[in-house]
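Subject: Structure for you to look at, with notes

Dear colleague,

I am passing on the structure below, and my notes on it follow. Please keep it open while you read, so that you can find each residue as it comes up.

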Amino acid sequence: MSRFATRLSRLVFRADLKDPMSGFFMIRRDTFMATARRVSSIGFKILLDIFASAPIALKFREVPFEFRGRFAGESKLDSVAMWDYGVLLLDKLIGHIVPVRFVMFAMVGGLGLGIHLAVLATMLDVTHATFDVSQTIATVAAMTGNFLLNNYLTYRDKRLQGMRLIGGLLSFYAVCSVGAIANIGLASYIFQNNYSWWLSGIAGVAISVVWNYAATSTFTWRSRGNASR
């Protein structure tokens, strides 16, 4: 897995580092200062980030060492660590074009779309509720799922916990209400014009994505420094 991760790192820089995932390194101060403003605010492994962000190719020397067998603790490598690594690579590849948080927000939104359509289909086929009622319930279910996933993945560095989690959820509902109203209104209009329920549902979700990202970034997951002012 480490060798595979090293090969993936070649996507963002050309240096032939044997272990770009190392957390044990030294760097000249002037080199660090020239690179500091370019590193990602999110992601994984600062050494890899420095090499990928440096304005010029860095000279380096690797001194090998050998790890002893683990006798305590657990590996930090888990699905979240792999997600963070993928986020860093994605940020270095396309971050100058589109914010990587928006990409993650959209990916989570894709999962939310699955939740939305599943709830919508269940309400229509099982409970035989009206489309407006079904669309409203599906929208709330998708919003709740999106908040929890975004809090755990997209905004891990600003993750809300405890009472702040409840406040964040309420804030998420509030700032997404405009998008939800547009979602329900547009979807209902399309459905009433004899389009399929799934196309109506997708159209309603799409109209709210950009608004939801911009609003929740500003109000729900704002930095603690801004929140305390």
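Asp49 counts as buried, with a relative accessibility of 5%, where buried stands for under 20% relative accessible area, exposed for over 50% and partly exposed for what lies in between, with a 1.4 Å probe and protein chains only. Before going further, please note that this is a predicted model, in which local features need pLDDT of at least 70 and side-chain atom pairs count only at pLDDT 80 or more, while totals for chains, interfaces and linings use all residues. Residues are numbered from 1 along each chain as its sequence is written, and side-chain values use heavy atoms, with hydrogens and water left out.

Salt bridges

Side chains of opposite charge can pair when their charged atoms come close. With a salt bridge taken as a side-chain nitrogen of Lys or Arg within 4 Å of a carboxyl oxygen of Asp or Glu, the count comes to 5 salt bridges. Asp49 takes part in one of them, with Lys92, and the closest N and O atoms of this pair are 3.0 Å apart. The two partners are 43 residues apart and link distant parts of the chain, Asp49 being in helix H3 (residues 46-53) and Lys92 in helix H4 (residues 79-94); helices here are DSSP runs (H or I, at least four residues), numbered from the N terminus.

Asp84 and Arg156 also meet through their side chains in a salt bridge, at 2.4 Å from N to O. Asp84 belongs to helix H4 and Arg156 to the loop between H6 and helix H7 (163-175), so this pair ties together parts that are 72 residues apart in sequence. Asp84 is buried at 13% relative accessible area, whereas Arg156 is partly exposed at 27%.

A salt bridge also joins the side chains of Arg101 and Asp157, with 2.7 Å from N to O. Since Arg101 lies in helix H5 and Asp157 in the loop between H6 and H7, the pair ties together parts that are 56 residues apart in sequence. Arg101 is buried, at 13% relative accessible area, while Asp157 is partly exposed, at 46%. Finally, Arg10, Asp16 and Lys18 are linked in a network of salt bridges.

The cavity

How many cavities of 30 Å³ or more are there? The count comes to 1, where a cavity is a set of points, on a 1 Å grid over the protein atoms alone, at which a 1.4 Å probe fits but cannot get out, and lining residues have an atom within 4 Å of a point. The largest cavity holds about 230 Å³ of space, a volume being the space filled by probe spheres set on the points, which are joined across faces, edges and corners. Its lining has 17 residues, and Met143, Asn146, Val205, Ser208 and Asn212 lie nearest its centre. Helix H5 (100-127), helix H6 (131-154), H8 and H9 are the elements that give two or more residues to this lining.

A glycine in helix H6

Gly145 has its place in helix H6, and at 16% relative accessibility it counts as buried.

With best wishes

Technical notes: 1 Å grid on protein atoms, 1.4 Å probe; cavity = no way out; pocket = protein on both sides within 12 Å on 5 of 7 lines; lining within 4 Å.
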